[in-house]
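Colleague: I have a model open on my screen and I'd like to learn how to read it. Could you walk me through it?

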Amino acid sequence: MFKIAVAGTGYVGLVAGVCFAEVGHQVTCVDIDENKVKLMKSGVSPIFEAGLEELMQKNYAVRRIDYTTDYKAAYKDADAIFIGVGTPEQPDGSANLSYIATVARQIAETIEKDCLVVVKSTVPVGTNDKVEQFIHDFLVHNVRVEVASNPEFLAQGSAVHDTLHAERIIIGTESKWAEEQLMKIYELFGLPIVSVNRRSAEMIKYASNDFLALKISYMNDIANLCELVGANIHDVAKGMSFDERIGSKFLNAGIGFGGSCFPKDTKALEYIARQHGYELRTVKAAIDVNNDQKTMLYKKASKRLITFNGLKVAILGLTFKPGTDDLREAASLDNVPLLLEQGADIFAYDPIGAANFAKVYPEGGNSKGRMTYVANIEDALRGANVCFIFTEWGEVKAVSPETYKNFMRTPLVYDGRNIYRVEEMRKAGVEYHSIGRES
Ligand code: UGA
């Protein structure tokens with residue numbers, strides 16, 4: 001059993017902390033936000049994530065996990081400190097490392113015993129070398145401290161499951177001692193561990209995320225071509241998926257990838273390459289395709305309708321994917337302003353993301369369009385001239401083709417997630433446009 005401190009209680013930090021406690025380690029999660037700490041102590045998760053609150057409550061009850069703003073108390077005698085603070089994207093595509101630097105300095109000034117510092121946040125290759133140097137520069141007590149890289153591969157919505165049943169744990173270390181410490185910490189998970197050097201571990205994270213982003217952009221590119229040549233992307237993907245070298249996952253064409261990771265990590269790697277005088281053409285192409293893809297349906301609908309002015313527009317789904325209330329880089333954020341600018345009267349439905357969206361686009365009218373949030377799908381569809389599907393929520397998938405026909409004024413649907421079969425919508429009398437399939 002290790003005494004572990006975790007810096008940052010976002011998706012990465014909190015889920016890691018809770019899962020370390022779940023396998024038997026003694027964990028203290030540190031955050032600067034007192035309200036958040038109070039909330040977590042009361043068993044409430046600040047993020048929406050399946051199964052997380054149950055594990056928080058269970059492990060808090062047996063005192064295997066605690067939450068605090070007092071980083072000194074948490075760090076001073078920790079065996080290992082995991083850093084899971086954010087590395088937000090800067091305007092030029094580079095990662096903002098100021099949160100990591102703050103934590104590194106706090107660690108250096110606080111630790112009183114030998115300690116392994118483990119960076120879970122996604123950071124540009126070479127950052128952990130700098131973090132280690134930085135800690136050594138500011139170290140107050142004469143103790144051994146090393147930095148290891150341990151990138152995170154969880155996806156939002158299945159974060160707890162992804163952590164406890166990860167397909168691989170990547171550890172990047174520069175000494176036998178650091179490698180052994182991390183191996184021991186992860187032994188309790190019983191999962192495959194890949195041990196490499198620090199820079200390779202940092203690169204594995206970007207290379208994995210960018211490969212998945214590439215896969216999606218490739219399928220979107222092919223989908224757009226499918227439409228032009230009369231092929232069906234769903235059938236094409238199915239046919240491809242039997243080849244184990246291609247695999248069956250992440251072949252879904254749609255309105256592009258969003259979220260806090262793929263958009264940021266593609267731009268970051270492209271930026272890192274540029275810094276080294278190298279043009280990362282494949283990743284650049286993935287970014288370009290994705291930028292166009294997000295408003296693909298809007299462009300199609302614009303041609304069909306001429307104007308959105310005064311039209312009632314139903315939007316089903318606002319978040320970047322189902323199972324989360326996260327809106328970061330969601331396609332809805334690219335489309336809603338275009339629709340409002342055109343004077344659309346929008347009725348938006350999202351089971352959990354609406355409140356966050358309303359912070360950016362408050363309910364009510366402006367000089368041009370109007371935004372209304374509704375609590376059920378029928379209210380969004382009732383009397384609508386056109387409907388856009390942006391997120392494949394279970395609730396949205398459960399809507400029958402006939403519902404569009406019966407509730408909408410004109411049953412015209414633009415589906416960014418290819419939820420329906422083209423024939424079933426046609427049979428129900430719905431004019432249906434999707435991605436990479438005939439209309
Ligand atoms: C992603 C990765 O899947 C995780 O492995 C990684 O750890 C995480 O980023 C991270 O770096 O922290 P996440 O952003 O939560 O996880 O979401 P994904 O499920 O990967 O979806 C990302 C976007 O791609 C979504 O907008 C989704 O709709 C889109 N997508 C995904 C497609 O358009 N098509 C697909 O076939 C799959």
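**Reading the model**

Modeller: The scale is simple: 20 or more other C-beta atoms within 10 Å means buried, 12 or fewer means exposed, and partly exposed is in between, with C-beta atoms placed from the backbone. Arg-274 is in helix α11 (residues 262-275). Helices (H or I, at least four residues) and strands (E, at least two) are DSSP runs, numbered from the N terminus. Keep in mind that this is a predicted model: local features need pLDDT of at least 70, side-chain atom pairs count only at pLDDT 80 or more, and totals for chains, interfaces and linings use all residues. Residues are numbered from 1 along each chain as its sequence is written.

Colleague: What is the order of the strands in the open sheet of seven?

Modeller: Two strands pair if DSSP finds at least two bridges between them. Here the order is β11-β12-β10-β9-β13-β14-β15, with mixed pairing. At the edges sit β11 (364-365) and β15 (431-433), each pairing on one side only. Within that sheet, β9 (residues 312-316) and β10 (residues 345-349) run parallel and are joined by five bridges. Opposite Val-313 you'll find Ile-346 in β10.

Colleague: Which strands does helix α14 touch?

Modeller: Contact means that two C-beta atoms, placed from the backbone, lie within 7 Å. Helix α14 (residues 332-341) packs on the sheet and touches β9, β10, β12 (370-373) and β13 (386-389). Its direction makes about 155° with that of β10; axes are lines fitted to C-alpha atoms, for helices over the stretch in contact, and angles run from 0 to 180 degrees between N-to-C directions.

Colleague: Which residues touch the most other members of the largest nonpolar core?

Modeller: In soluble globular proteins, nonpolar side chains tend to be buried together. A nonpolar core is a set of buried Ala, Val, Leu, Ile, Met, Phe, Trp, Tyr and Cys residues joined through C-beta atoms within 7 Å. The largest one has 128 residues, and Ile-81, Val-313, Ile-315 and Cys-387 touch the most other members. Leaving aside neighbours within four places in sequence, the contacts of Ile-315 include Ile-346, Ala-348 and Phe-388.

Colleague: Which way do the residues of β7 point?

Modeller: In a regular strand the side chains alternate between the two faces of the sheet. In β7 (residues 169-172), Ile-169 and Ile-171 point one way, Ile-170 and Gly-172 the other, and all are buried. Four bridges link β7 to β8 (residues 193-196), and the two run parallel. Ser-195 in β8 is the bridge partner of Ile-171.

Colleague: Is Ile-306 buried or exposed?

Modeller: Ile-306 counts as exposed, because it has 7 C-beta neighbours inside 10 Å. It lies in the loop between α13 (296-305) and β9, and its phi is near 70°, a positive value in a residue other than glycine. Glu-329 has a positive phi too, near 55°, and is in the loop between β9 and α14. Glu-329 counts as buried, because it has 20 C-beta neighbours inside 10 Å.

Colleague: And which residues come nearest the ligand?

Modeller: A residue is near a molecule if its C-beta atom, placed from the backbone, lies within 6 Å of it. Of the 19 residues around the ligand, Gln-156, Asn-252, Phe-257, Gly-259 and Cys-261 come nearest. Helix α9 (residues 198-229) gives the most to this shell, with three residues.
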